[in-house]
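Please keep the sequence and the model at hand while reading.

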Amino acid sequence: MTGAPPLLAVAGLKKHFPITRGVLRRRQVGAVRAVDGVDFTVAAGETLALVGESGCGKTTTGRMVLRLIEPTAGSVRFAGEELTGLDVEALRPHRREMQIIFQDPYGSLDPRMTVAEILAEPLRIHGVGDRADRRRRVAELLALVGLPQAHAQRYPHEFSGGQRQRLGIARALALRPKLIVCDEPVSALDVSIQAQIINLLEDLQRDFGLAYLFIAHDLGVVKHVADRVAVMYLGRIVEEAPKRRLYAAPRHPYTQALLAAVPVPDPLARKAPAVLSGEIPSPASPPPGCHFHTRCPHAIARCRAETPALRGIADGHRVACHLVAA
Ligand code: SF4
């Protein structure tokens, strides 16, 4: 940490999707609390991993950062400027600097467009360069992600899953962003291909000083790529720490359970904590108190009544658990 202001600062971010009833007169009868007040920062050139099970709110958080989903409340500051409340025109210059890589590389590429058209599209939309400039940039982007120039005239269906994710990365790089939201970028790929894509993302980060908000459902995937890790459960961050500290000494029972579930080459070497059991509760009716108490092996009466605050217990290490002392 340099003490410089963060590239991205998120505070009190919430997304509550209304639940409505009625045919003629729709009325709100509740809300799905997909994200329920999260705070985090990402520095230039850093990778923060947001990790948690499906439905924990991590993808919604990533999309709110990019204003692909409008927050219900909270603040998103990018390079010192507040993004919430900006209209489309005011947001446009920031959109160039913040990009996304999607989980499903095939679904995110228009099957009717050639690779050259797909990669030139963001440049065209933002009015960058003329046709010749854009052709040169397409060639550069293909080289950056390790694809031959001859592939420029092919269509997405002619590529393997790993190659399609390389195209997704090239498209995200087209406008020279500072931050990329990587939304489960390797979870749809074979294990051997996952390592290649993670290596590529690391090389690009080193070469261009990119910051990543890296969204994943398992701690095994982010072990190599993250600088810091924030663990989410039912719309809230329950633990955040520098990577080494989190993997060496996780303090929240949920983080401990997620780590215990990460496959290891020698099953006898796995540490003791209980593997997570039970379903994640619905974010439409989260349990009172600590949201994790219905699955926590250490829950006490206080956990059912009182929400634990996310408190700092060491430099850069925050935990939301009544039983964790500072
Ligand atoms: Fe478990 Fe209670 Fe800690 Fe929640 S606050 S993680 S229920 S011990």
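The model is predicted.

## Two residues with positive phi

Arg176 is found in the loop between helix H5 and strand S7, the strand of residues 179-183. The phi of Arg176 is near 55 degrees, which is a positive value in a residue other than glycine. Is Arg176 buried or exposed? Its relative accessibility is 56%, so Arg176 counts as exposed, the cut-off for this word being over 50%.

Glu184 is also not a glycine, and its phi is positive, at about 50 degrees. Glu184 has its place in the loop between S7 and helix H6, which covers residues 191-208. Its relative accessible area is 9%, so Glu184 is buried; the cut-off for buried is under 20%.

| Helix pair | Angle between axes | Distance between axes |
|---|---|---|
| H3 (residues 115-125) and H5 (residues 161-173) | about 30 degrees | 8 Å |
| H3 and H4 (residues 131-144) | roughly 115 degrees | within 9 Å |
| H4 and H5 | roughly 130 degrees | within 9 Å |

How do H3 and H5 lie to each other, and why? Their axes make an angle of about 30 degrees, and angles under 35 degrees count as roughly parallel. H3 and H5 are therefore roughly parallel to each other. H3 passes H5 in a right-handed crossing. On the H3 side, Val115, Ile118, Leu119 and Pro122 take part in the contact, and they meet Leu167, Ala170 and Arg171 of H5. Sorted by class, the contact of H3 with H5 has 6 nonpolar residues, no polar ones and 1 charged residue.

The crossing of H3 and H4 is right-handed. H3 brings Val115, Ala116, Leu119, Ala120, Leu123 and Arg124 to this contact, while H4 brings Arg134, Arg137, Val138, Leu141 and Leu142. By class, the contact of H3 with H4 has 8 nonpolar, no polar and 3 charged residues.

The spacing of such residues along a helix can be read with a general rule. An α-helix has 3.6 residues a turn, so residues three or four places apart point the same way.

For H4 and H5, the axes cross at roughly 130 degrees. Arg137, Leu141, Leu142 and Leu144 of H4 meet Leu167, Ala170 and Leu173 of H5. In the contact of H4 with H5 there are 6 nonpolar residues, no polar ones and 1 charged residue.

Val138 lies in helix H4. Which residues does Val138 touch, leaving aside those up to four places away in sequence? They are Ala116, Leu119 and Ala120. The relative accessibility of Val138 is 5%, so Val138 counts as buried. Between Val138 and Lys243 there are 105 residues in sequence and 35 Å in space, C-alpha to C-alpha.

Glu117 is found in helix H3. With a relative accessibility of 41%, Glu117 counts as partly exposed. Glu117 and Gln28 are 89 residues apart in sequence, and their C-alpha atoms are 43 Å apart in space.

## Helix H9 and its cover

Helix H9 spans residues 253-260 and is mostly covered, with 7 of its 8 residues buried. The buried residues are Pro253, Tyr254, Thr255, Ala257, Leu258, Leu259 and Ala260. What covers these buried residues of H9? The cover includes strands S3 (47-51), S9 (228-233) and S10 (236-242), together with helices H7 (219-222) and H8 (243-248).

## Cysteines

How many disulfides are there? A disulfide is taken as a pair of cysteine sulfur atoms within 2.5 Å, and by this rule the count is 0. Cys290 has a relative accessibility of 13% and so counts as buried. Cys321 is buried as well, with a relative accessible area of 11%.

Definitions and conventions
Residues are numbered from 1 along each chain as its sequence is written. This is a predicted model: local features need pLDDT of at least 70, side-chain atom pairs count only at pLDDT 80 or more; totals for chains, interfaces and linings use all residues. Side-chain values use heavy atoms; hydrogens and water are left out. Axes are lines fitted to C-alpha atoms, for helices over the stretch in contact, and angles run from 0 to 180 degrees between N-to-C directions. Helices (H or I, at least four residues) and strands (E, at least two) are DSSP runs, numbered from the N terminus. Angles under 35 degrees count as roughly parallel, over 145 as roughly antiparallel, 65 to 115 as roughly perpendicular and the rest as oblique. A crossing is left-handed if the near helix is turned anticlockwise from the far one by less than a right angle, and right-handed if clockwise. Contact means heavy atoms within 4.5 Å. Ala, Val, Leu, Ile, Met, Phe, Trp, Tyr, Cys and Pro count as nonpolar, Asp, Glu, Lys and Arg as charged, and the others, Gly among them, as polar. Buried means under 20% relative accessible area, exposed over 50%, partly exposed in between (1.4 Å probe, protein chains only).
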